Amino acid sequence: MPDALSIPRLPAYPSTSARKSLSPTQLSTLTSTISTALSTVLALPPAKLDSPSALSFVASYAKDTALVDLQSLIWPSTSAPAPSEIQNQIHKRTLRLAHRLAPRLGLPTLLDLSLAYALSSQLRAVFSSAYEANPGLVSTLETDFVPALTRLLTPSQGLYAARKATQCALSFLRSSPPEFKRCFAHSQVFVLALAHLYDQGLAGIALSYGGLSVQRGSGKPDDWEPIWVQTKLAVVDTFHLLIRVLLDDLASARGAALAVESERTFGVVFALLEIPASSSSGTTPFLDRPLLADYQATYSLSTTLSKALSKEDARVDVLESALSSLAPASNSRKRDPGALKILLGSGVPPGVDARSSSKGKERATERGPSPEAHDPDIDLKLTQILDILPDTSPSYARALLKYPTYAGDPENVIGALLEGSAPLPDSVELTLEGGGGGGGEGGEIGGWGGGNGADEALAIVAERRNVFDEVEMDLGSVRVGKKREDASTALRDRAAIAALKADILRRAEAISDEEDEEDQTRNALAYDSDEELIKVKVKVSGDGEQSDESGSDAEGGDEDPEPGKARDVETVLELAYIADPALFARDAQTRRGAGREGLRKQTGWDDNQIEGWGIMLERNSSFSTFADTPPTAEERQNSPEARVRGQPARSYPFCGLLK
């Protein structure tokens, strides 16, 4: 008992009317609770899964969603909010739960799931699992489901009921395995019910409404007319699925089974040919033509049957001539869309916003009309795809129809989009631009080569326009191939090269002469010994004394200078720096000190000159050796000649700067 209580249970999914009575907060809490419960149940092992409650939840959710989808076929809601992320999670998790419970699902739940998950490729796996676990579903289909659906296809039910019934049949067949489809295809009663509804039934319904706008010649269609055309398209798509099953069985049959399948196929087609035409029969596609006529014009049934059936059977020729007479081939590539104009409107496929600004109209005028915009063959296939997958880009779906892999078959395109195996838009576009666009089966399904759009794109790429297109080219300066030169041209080139070399050498010699002059000037300012330094007379600007070059110094160099100028300025500074480098510090206290005052009196320099000399001396690497050996007391007292006597000659690079 405790184990049973610990197993989570899923209650039935609340209906749409019940959810509408809740406040937004309550609805948000409810959806969160359901999503969490589904996640918990999906994590359970099969042994602990409460199948009855889970089955009840899946059945109630599928039924409620299917009812909403069927109602939207008649009254589409343009103001309904988009489903939230939690609602999308519930939708996906319910499908996963249905896959786990597939062996126990019944036909009503499978039908609801086909409507609720019409755009999901995973639903086929659910149907296949249900059939493998319970093959008895086939007998239930034959005895109960197919007859019930056949009764719903009677015209007396009304337009809305016919629209919903055809959608149920189409959605169920799309997700069904071949065993389920054969139950419908082998039932001539069901196939004939489709044909009667398509021809006489919908014609009578249109007459009761007062006729279509295409027949009346009025511009704007009534609200019921798109539903009427969509019902016809659903019948054509359903019939196409049944024919495909018959042809697949015929192709795989061998021996006696081949004869049985041939008889069955002939029986269905000839039964359709024997249906009497209605009083309003005409030649307008999808309006007043029988089912076989429109199917022949769309899918070229005569060509397909001639390939599948044996040529030795005389009935093949009769069948081909009968089908060809229903929809004679047109020499024009553009075909009359007929009643599809109601869905196509002004040439814009369903799902495309026809509103455009003036700029868009100007661009469309400049580019010219697209050859695909009003092609009824493409529009017909495109309408079938967008009717099932309304969120698909019309341009992408149109390109897939022309893609060689799908051969213009909308069923193949829809299957690829549902399974996620369709190529990317860029890949499709590149393939079509490269000339890979293909037509349909036997060259008659659609008949689109993709040449116009691809040629236009290739022409734009090959043109390679740029900003220099308007500039006139001087053709006289254009040379084709290698440059051809004679002997005189080569000699002129050599003379130019020789002149260039001479000019380079001349400039190099001029630079070398300038460097030599700079070296001589630099050597003249440098002194090789202290004896030459003693003879240099240092002139300090701003000392208040002016020396006359024609004075006694110029006339008699042996005379002693004045007492204040006898000692060399730089020698005094060097001795002072060796004794106390702090005298050259750049601060106010040092400038006011007695040592600095003595230096100013001995040299006649101001503080800036003394401090600058100290900075330059510290940067001079050659002074480091001299500074490491302080002078003796005798050297300090004696003259500079006596101080340097007996020592190697030293040069003072600052002497030239102080002159």
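Reader: Is S300 buried or exposed?

Author: Buried means under 20% relative accessible area, exposed over 50%, and partly exposed in between (1.4 Å probe, protein chains only). S300 counts as buried because its relative accessibility is 3%. This is a predicted model, where local features need pLDDT of at least 70, side-chain atom pairs count only at pLDDT 80 or more, and totals for chains, interfaces and linings use all residues. Residues are numbered from 1 along each chain as its sequence is written, and side-chain values use heavy atoms, with hydrogens and water left out.

Reader: What is phi of S300 near?

Author: Phi of S300 is near 55°, a positive value in a residue other than glycine. F286 also has phi near 55°, and F286 is buried, at 5% relative accessible area.

Reader: How many aromatic pairs does the structure hold?

Author: Rings of Phe, Tyr and Trp (its six-membered ring) pair if their centres lie within 6.5 Å; planes under 30 degrees apart are stacked, over 60 edge-to-face, and the rest tilted. The structure holds 17 such pairs. F127 and F172 have ring centres 5.4 Å apart and planes at 70°, so that pair is edge-to-face. The two residues sit 45 residues apart in the chain. F127 is buried at 0%, and F172 is buried at 0% too.

Reader: Which pair is stacked?

Author: One is Y209 with W224, at 4.6 Å centre to centre and 20° between the planes. Y209 is partly exposed at 39%, whereas W224 is buried at 8%.

Key:
Helices (H or I, at least four residues) and strands (E, at least two) are DSSP runs, numbered from the N terminus.
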